[in-house]
Amino acid sequence: MITDVTIPEPQAPLPGAGVNSSQGLLQWISSVDHKQIGILYLLMSLFYLLVGGALALLMRVQLMAPENQFLGPEAYNQLFTMHGTTMIFFVLTPAILGFSVYLTPLMIGANEMAFPRLNAFSFWIAFFGGLLLYFSFLAGGAPNAGWFNYAPLNQMQYSSQPGIDYYCIGLLLAGIGTVGTGANLIVTIISLRSHGFKYRYLPIFVWMVFINGFLILAAFPSLNAALVMLLIDRQLDGHFFNTASGGSALLWQHLFWLFGHPEVYIVVLPPFGIISEVIQVYSRKPIFGYPFVVGSGFAIALLAFGVWVHHMFATGMGNTMNSFFAASSMLIGIPTGVKIFNWLGTMWGGSIRFTTAMLFATSFLVEFTIGGLSGISFAIVPIDWQLTDTYYVVAHLHYVFLGGSLFGLLSGLFYWFPKMTGRMLNEKLGRWFFWLFVIGFNLTFFMQHILGVIGMPRRVYTFPNLPGFGLLNLISSLGAFLMGVSMLVFLYLLYEALRRGKRASDNPWDGYTFEWLTTSPPQLKNFDTLPPVFSFRPLHDLNHPEIGDHKKSTDDKYGT
Amino acid sequence: MESKLMMKLVVGSEAIFFLALMMGFVYFAYFPGFDPKSLALLDLTKTGAFTVLLLASSFTFWRAEISHRNGQIGSLKGWLAATVGLGVIFLFGQGMEYNHLLVNQLVVSKGTFATGFFTLTGFHGLHVFIGLIMLAVVLYLTFLGDFDRPQSSVISAVGIYWHFVDIVWVIVFTLVYILPHVVNMK
Amino acid sequence: MLLSLLIPSIFSSASSEASEITTLTLYFIIASVGILLTVIGLLIYVSVKFRGKPGDPEPRQFTGNKVVEGVMITIPTLLVGGFFYLTLSTMQTVLPPADGLKPEVVIRGHQFWWEAQYAGKNAVVANEIHLPVGRRILMHIEAADVIHDWWVPELGAKMDAIPGRTNHLWVTIRKPGVYEGACSEFCGAQHAWMRIRVVAQPEAEYQQWVRERQQNAVTPTTASAVAGAAFFNRETCGTCHRIRGTVANGNVGPDLTHFASRQTMLSGMMPNTRENLRRWLQDPQAVKPGAKMPRFIYSKDSINVLVDYLTTLK
C-alpha cells in the first residue's frame, strides 16, 4: 500500500503567524499568509473594478447622444485614461495574481509561497501604486493621454498637469510588485511541489501561472524602462520622447508594446488555466489533450514577444517589417484555437453540470472566440489599416479583456468561492447575474464593432450626428447600464453568501486538485499530509479509485 | 537554493531593463553622430581605472565565496570588506565624473546624448548602490555569525547580483566610452 | 453589420485601394464567421447532448486524441497561410513604397486641424481637402506637434502623422463626392473635433479649384469689412494665421485666405455661418475647449467687423 506524503514543517516559523487571528484588521495588514494575500489581491481588484466601472458609466452617459454636453473634453480624456489604466493594472493584473497566489501553493501541496514576506511586500507596493495613481485627481488632474500614453503627447508641453507623473510612479510601483510576485510564483512552483509531484502532473492552472511568471519577468522591464525614461523627460527635461528636441515618438511605442502585448497574455493565460480546471470538473472528465493545452500556453508566451509591432502597422514602418509581424501575429491564432477546441473536447462525452461557474466558462468560449477572431483582423495588415484606432478596436479589446479574462476570473470566483470562504454562493442569483452581465456585455460591445466599421475613431469625447452613430451609441450605453445593474446583483450575491450562505463542504464540486482536500476555508497551515501524486488529477484518483488515472499507463494519461 | 533561483530570475528581468536603456542610448547617441565636445568631456583613462577596480571587486567577491565554502570566516570577512571598499571607490569615481560633467554644463537636458548617458550610467550606479547595501548587510551578518555554516545560499545569491552589475558595467563602458571613439575615427 | 451596408463605412469603398481592402475584409468575415459558427454549433450540441443529470455515473474518462489535435492544428495553419498570402499581396497593392516620388498634396496634422499643401502650387487649405477623381495620387502625411492619424474610411487605409517623419498614402478615388473622415490617433483635448472632409472632383473641376486657391485673398470693399481687415492686422491675428496678399503671414493656425469658401469651421465641428463665427471669436474656449486659439476680449463692434471681413474671404 502506498502511504501518504508528509508535508515538512517550514524551517523557520512562518513570519506573521504569531499575530493572533482575532486581531482583525491588524492581522490582515501584517499577514504573510498566501491565502490572505490572495484574498487581499482579489478585494483590491473588486474595489478598482467598481471604480473603473463607474468611470466607464460616466463615459457611456457622455456618449449616449451626439454632441452631448455632459462631460467636457478634459474630463472625458482623464476618465478614459484612468478607466483603461485602472482596469488593466489594478483590476485584471491583481485579480490574476490573487488567484495565482491563493491557489498555487494549495494546488502543488505546499504550505506557503517560497518568499512569504516578498509576497506581502509585492501586494502592498502595488496597492499603494494604485492609491498614488488616484491621488492625481487631487493633485491637479489625472493623466489624460490614454492608457498607452503615446509620446509626445505625454510630454510636459502637451500635458503640464502632474497626472502623467503619477501615472509613471503608480505603474512603476505596481510593476515592481508584479515582477516580485511573478518571480515568487516561479520559485514556489519549482521548489515547493510536494514529494513526487512531477511537472507533468501539474494542474493546467499551475502550468499557466508558471508560464505567466516568465512572461511577467520578461515584459515588465520594458514598461519600467519606458516609464523611468518618461519621468526623466518630464522632471529633468530629458529628450527621449520629446520630438521637439531630437527625441523619438516611436521609441515609446516600441518599448510600450514590447510590454503591452505580452501584458494581454499575462492577464489571459491564468484565466485559460481557470477555464481548464472549471470545464474539467463540471464535465466530470479530465482535460482533453493535456500536452497540447500546456504546449499552446508555451507557444503563446514565446510568440507574445514577437508581435508588438502589430499595434504600429499604421505608423508607416514599411511592408517588410509589417509582413514579419503580420506572420507572427497570425500564428498566435493557432495555439489559441487549439485551446478553444480542446476545451470543447473536454466537454464532449462528459456529464456537464451547468453551475454559474460553468455558465461563465461556456460563454467564455464564445466571447473569447469573437475577441480572438477580431484580433486576427489586426494581423491582416490592410484590414488593420482600416480598423485600427477605431471603435472596432475598443470592441475587440473588451471581448478579450472581459469576454476572455474577466469571464474566466468570474468563473474561477464562483468555482473557488466555497473554498475561500467556506460558504456557498446562491446559484439562482448567480444565474441572474450571469444573464444580465452577458446580455449587457454583448449589447455594449458588439455594437462597437459596427461603430468602428462606419467610421467612429476611439477616444473621442463626442461625435457628430452621422447616420447610425446616435442609435448604436445609445444601444451601447444601455448595455453598459445593464452591466452596471448586474454588478449590483453581484455585490448583493457576495454579501448574502458571506452573511448567511450555506456552509460549504471541503469538496462540494468533486474537484480534482489538492485545494479541495483541505478544509473550506483552509487553515493557516494548508496540509499536514497529502496522498501521493500519480496523475494531474490526484484528488480524483483518491475519490474514484476504480476509474482513477493512476491505473493508466503514462501514454493513456495524455490521450491516444 | 530558493534565494539563488530567485536572484537568477531577478537578474534576468533586470537584464532586459538594461537592454532597453542601452537600446535607447545607442539609438540616440549613435545615429545622429556624436558631439565631439560632449565626448571629449568623458575621461576614458580615469573611468577605465575605476572600471578595473569594479572588476577587481568581482574577483574579491569570488574569493569571499570560496572562503565561505571552506568555512574560513576570517578571510570571508576580509574579502567581503574589500568588495564593499572597491564598490564604494567606484561610486566615488562616478560621483567625481558627474561633478566634472555638471561643472562643464553637460546636464541631462543638454541633448539626447546627455539624456541617454546620465540615464544609463545613473541606473547602473543605482544598482551598484543597491548591491553595496546588500553587501553591507551580508558583512554585518557575517560578523554576527550567520554564515559560520557553509550551507547558506545567501552569499552566492548576492554574488549573482554583484557579478551581474559588473558585467552590465563592462557593456556600458564599451558602449559609452570606447566604441564612440572607434566610430568617430572612421 | 447590415446597417453598415446602407450608410458610409469601410464597405462602401470609393477608391481602388479601399475596394482591395474591402474584398480582403469580406474573405476574412466569411472565414471567421465560419469558425465562430463551428464553435457555437459544437458548443450547443455538446451542451444539449452531454448535459448531466443528478445521479449520473462518471462518464468515460478519455484524455485526448492525437488525430483530433492534428486536425485542430492543420486547418488553422492552412487558413493562416492563405490569409498571409492575401495580406502580402493586398499590402503591396494598397501601399507600395513611394521612393522619392513627388506627392500631389502634403497633409499636416496640427492640434486640432488639418493643413493641406498642394505640392508645387501656392495653395494651402485647412480641413476641407479637394482631391481629383480617376487618377492615382500620392499623399504625404506629416505632423506639426503630436501624433495624428489620417483616416477617411471610404478611401481606404489610415496613416499616422508622426512628428519628425514623412509617411505616405496612395489613393485612386473612383467616385466624385464628399467623404467624411477623422483623426484616429488620440491627439489631445479636441481629438474628437479633428474631422476631415475630402471633396473628390473630376479632374477639370479639381484643377479649377486649385487655381482659385492659388489666388490671393480678395480685397475688402465694404466699409465694415475694411475696418475688419484693419482690426485683424492691428490685433496681430497674423502672427498665427495667414491671409495671402496681406501682411498676415503666420503658420500656427489655419490659413484663412479662402476661409469663407469652406462649408464647415473648426475642423468639421459646425457649419461655417456668421453666427457660429461670432460665437467663436467671442470666446473660443467656450466653443471648443482646449483649442489653441486664446480668448481675446473684443468689443461687440470689433467682432462684427471682423466677421464681416472674414466672411468676404471667398
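This report walks through a predicted model, from its chains to a few local backbone details.

## Chain C: overall form

Chain C holds 8 helices and 12 strands. Its radius of gyration is 27 Å, well over the 20 Å that the globule rule gives for 314 residues, so chain C is more spread out than a compact globule. The C-alpha atoms of chain C fill a box of roughly 95 × 50 × 35 Å along the principal axes.

Buried residues account for 42% of the 314 residues in chain C. What share of the contacts in chain C with a separation of 6 or more comes from residues 24 or more positions apart? The figure is 66%.

## Chain C: domains

Domain 1 covers 7-49 + 65-94, and domain 2 covers 223-310. Their C-alpha centres lie 51 Å apart.

## The nonpolar core

The largest nonpolar core has 330 residues.

Take A:L215 as an example. Leaving aside neighbours within four places in sequence, A:L215 is in contact with A:P262, A:Y265, A:I266, A:A301 and A:A304.

## Where chain A meets chain B

This contact takes 26 residues from chain A and 21 residues from chain B. On the side of chain A that touches chain B, helix 5 (163-191), helix 6 and helix 7 (249-266) of chain A each supply at least two residues. Helix 6 of chain A gives the most, with 9 residues.

By class, the side of chain A that touches chain B has 17 nonpolar, 8 polar and 1 charged residues.

## Where chain C meets chain A

Here 80 residues of chain C are in contact with 81 residues of chain A. Several elements of chain C each supply at least two residues to the side that touches chain A: helix 1 (3-6), helix 2 (16-49), helix 3 (66-94), strand 7 (159-161) and strand 9 (177-182). Helix 3 of chain C has the largest share, 16 residues.

The side of chain C that touches chain A divides into 44 nonpolar, 22 polar and 14 charged residues.

## Cis peptide bonds

A cis peptide bond joins A:S520 and A:P521, with omega about -15 degrees. A:P521 sits in the loop between helix 15 (469-500) and strand 2 (529-530) of chain A.

Another cis bond runs from C:Q111 to C:F112, with omega near 0 degrees. C:F112 belongs to the loop between strand 1 (105-110) and strand 2 (113-118) of chain C.

## Positive phi angles

A:D237 is not a glycine, yet it has a positive phi of about 65 degrees. A:D237 lies in the loop between helix 6 and helix 7 of chain A. Why does A:D237 count as partly exposed? Because A:D237 has 15 C-beta neighbours inside 10 Å, and a residue is buried at 20 or more and exposed at 12 or fewer.

A:D510, not a glycine either, has a positive phi of about 60 degrees. A:D510 is in the loop between helix 15 and strand 2 of chain A. With 15 C-beta neighbours inside 10 Å, A:D510 counts as partly exposed.

Conventions
Residues are numbered from 1 along each chain as its sequence is written. Chains are lettered from A and ligands numbered from 1 in the order in which they are written. This is a predicted model: local features need pLDDT of at least 70, side-chain atom pairs count only at pLDDT 80 or more; totals for chains, interfaces and linings use all residues. A nonpolar core is a set of buried Ala, Val, Leu, Ile, Met, Phe, Trp, Tyr and Cys residues joined through C-beta atoms within 7 Å. Two residues are in contact if their C-beta atoms, placed from the backbone, lie within 7 Å. Helices (H or I, at least four residues) and strands (E, at least two) are DSSP runs, numbered from the N terminus. The radius of gyration is taken over C-alpha atoms; the globule rule is 2.2 Å times the number of residues to the power 0.38. Ala, Val, Leu, Ile, Met, Phe, Trp, Tyr, Cys and Pro count as nonpolar, Asp, Glu, Lys and Arg as charged, and the others, Gly among them, as polar. Domain bounds come from an automatic or database domain assignment.
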